[in-house]
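Open your viewer and get ready to click along.

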Amino acid sequence: SLQVSGNPSLVSIDALSAVCNKLPGSFVFTFNPKVSCLQGLDCIKGLGRDELGDSLRFQDNPSLQSIQGLSGVRGNLPGAITIERNAKLVSLSGLQNITG
């Protein structure tokens, strides 16, 4: 799993651009109040799931406007997609290649 959580000063996740292919677990992105986009994750092609049953979870990211950086994720996900309390997120563009 890749978890980025509880980072009040973080503004960018571009440094994660070397994370590639399928992650064996989930991608969890929670409580990162200054990050506005997920640019840098374009190389991730698939996801597994975590112990909570999630493949993707976005919660409590008040500045997050775009999840387009996840557009490389394709196919079926074995877990849930949870998106909660991301006030500026107005589109799910980036998840269009997920089929189930």
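Start by selecting S71, which touches G94, Q96 and N97, leaving out residues up to four places away in sequence; touching, or contact, means heavy atoms within 4.5 Å. S71 sits in the loop between β5 (54-59) and β6 (80-84), where strands are DSSP runs of E with at least two residues, numbered from the N terminus. S71 counts as buried because its relative accessibility is 19%; buried means under 20% relative accessible area, exposed over 50%, and partly exposed in between (1.4 Å probe, protein chains only).

A note before moving on: this is a predicted model, where local features need pLDDT of at least 70, side-chain atom pairs count only at pLDDT 80 or more, and totals for chains, interfaces and linings use all residues. Residues are numbered from 1 along each chain as its sequence is written, and side-chain values use heavy atoms, without hydrogens and water.

Next, select L70. Setting aside neighbours within four places in sequence, L70 is in contact with F27, L38, L41, L56, F58, G94 and L95.

Now for the disulfide (a pair of cysteine sulfur atoms within 2.5 Å). How many does a search of the whole structure find? There is one, and it joins C20 to C43, with S to S at 2.0 Å. C20 lies in the loop between β1 and β2 (21-22) and C43 in the loop between β3 and β4 (44-46), so the pair ties together parts 23 residues apart in sequence.

Last, click C37: this cysteine is in no disulfide, and the nearest cysteine sulfur, that of C43, is 16 Å away.

Key:
Helices (H or I, at least four residues) and strands (E, at least two) are DSSP runs, numbered from the N terminus.
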